[in-house]
Amino acid sequence: MSKNTDPAAGETGENTTHFGFRDVPESQKASMVREVFDTVASKYDLMNDLMSGGVHRLWKDSFINELKPRPGMKLLDVAGGTGDIAFRFLKNGGGSVTVCDINYEMLHVGRDRAVDHGILKNINWTVGDAQKLPLPDQSVDAYTIAFGIRNVTRIEEALSEAYRVLRPGGKFQCLEFSKVVVPGFDKLYDTYSFKLLPEIGRFIAGNREAYQYLAESIRKFPDQETFASMIRAAGFERVKYRNLSGGIAAIHSGWRI
């Protein structure tokens with residue numbers, strides 16, 4: 001988050017944050033992000049296929065394997081409106097899951113998908129902000145967020161909320177696009193992200209700007225070590241991360257002890 005004031009904020013002195021590569025008043029970012037996902041909700045799987053070359057499905061499988069779902073485990077999946085993580089959690093033996101997303105359109109897609117897959121039990125859908133979760137203290141065994149935390153206005157507040165709702169012994173786990181660590185591959189990835197992806201988004205989804213923002217938001221997200229430090233600062237212990245596909249994405253985890 002930038003502590004500089006944005007000229008657009010006038011004399012209010014409001015702190016700014018990033019929306020892609022643009023600085024915007026903090027109070028405006030959530031609605032701007034919501035608008036992006038309103039436009040891509042029906043094509044969210046396609047969006048992730050384009051951004052990851054389809055590999056996001058394997059990443060999510062690995063993410064759930066690392067979580068180790070078990071009967072009776074209560075999961076909160078944040079920013080998971082379309083149900084990808086929730087469905088995998090239940091399929092792999094998890095107990096119950098609450099899907100919390102700030103975007104109603106994403107939740108609408110997820111509920112429809114759940115019906116299509118015959119998933120009608122042990123799943124709840126709720127509209128909520130990652131920075132102010134609508135759950136009691138110490139009420140869940142695990143907290144997951146996949147490809148969502150980079151869109152949060154104040155990441156530190158989201159991490160603090162994750163810590164608050166987890167029971168002692170509960171696990172935090174985050175899957176997010178990250179920083180490429182393979183020499184030379186980063187330039188190829190940049191070319192794809194900033195030149196090809198927005199044009200594909202324009203052709204497939206009719207929204208070049210949304211895909212441009214999504215590519216920019218990845219570059220603005222902290223690198224692996226910085227984000228791990230932020231997780232520790234929120235109170236989590238045994239924090240670690242594992243790079244996927246050369247750092248295109250990473251799984252971060254920590255425990256509330």
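Trainee: Why is L46 called partly exposed?

Mentor: Buried means under 20% relative accessible area and exposed means over 50%, with partly exposed in between (1.4 Å probe, protein chains only). L46 has a relative accessible area of 30%, so L46 is partly exposed. This is a predicted model, where local features need pLDDT of at least 70, side-chain atom pairs count only at pLDDT 80 or more, and totals for chains, interfaces and linings use all residues. Residues are numbered from 1 along each chain as its sequence is written, and side-chain values use heavy atoms, with hydrogens and water left out.

Trainee: What makes the largest pocket a pocket, and how much space lies in it?

Mentor: On a 1 Å grid over the protein atoms alone, a pocket is an open set of points where a 1.4 Å probe fits, with protein on both sides within 12 Å along at least five of seven lines. The largest pocket holds about 410 Å³ of space.

Trainee: Which element gives the most to the lining of the largest pocket?

Mentor: Helix 1, with 6 residues.

Trainee: How do the residues lining the second largest pocket divide into nonpolar, polar and charged?

Mentor: Asp, Glu, Lys and Arg count as charged, Ala, Val, Leu, Ile, Met, Phe, Trp, Tyr, Cys and Pro as nonpolar, and the others, Gly among them, as polar. On that basis the lining has 7 charged, 3 polar and 3 nonpolar residues. Among those nearest the centre of this second largest pocket are D61, D84 and R88.

Note on methods:
On a 1 Å grid over the protein atoms alone, a cavity is a set of points where a 1.4 Å probe fits but cannot get out, and a pocket is an open set with protein on both sides within 12 Å along at least five of seven lines; lining residues have an atom within 4 Å of a point. Grid points are joined across faces, edges and corners, and a volume is the space filled by probe spheres set on the points. Helices (H or I, at least four residues) and strands (E, at least two) are DSSP runs, numbered from the N terminus.
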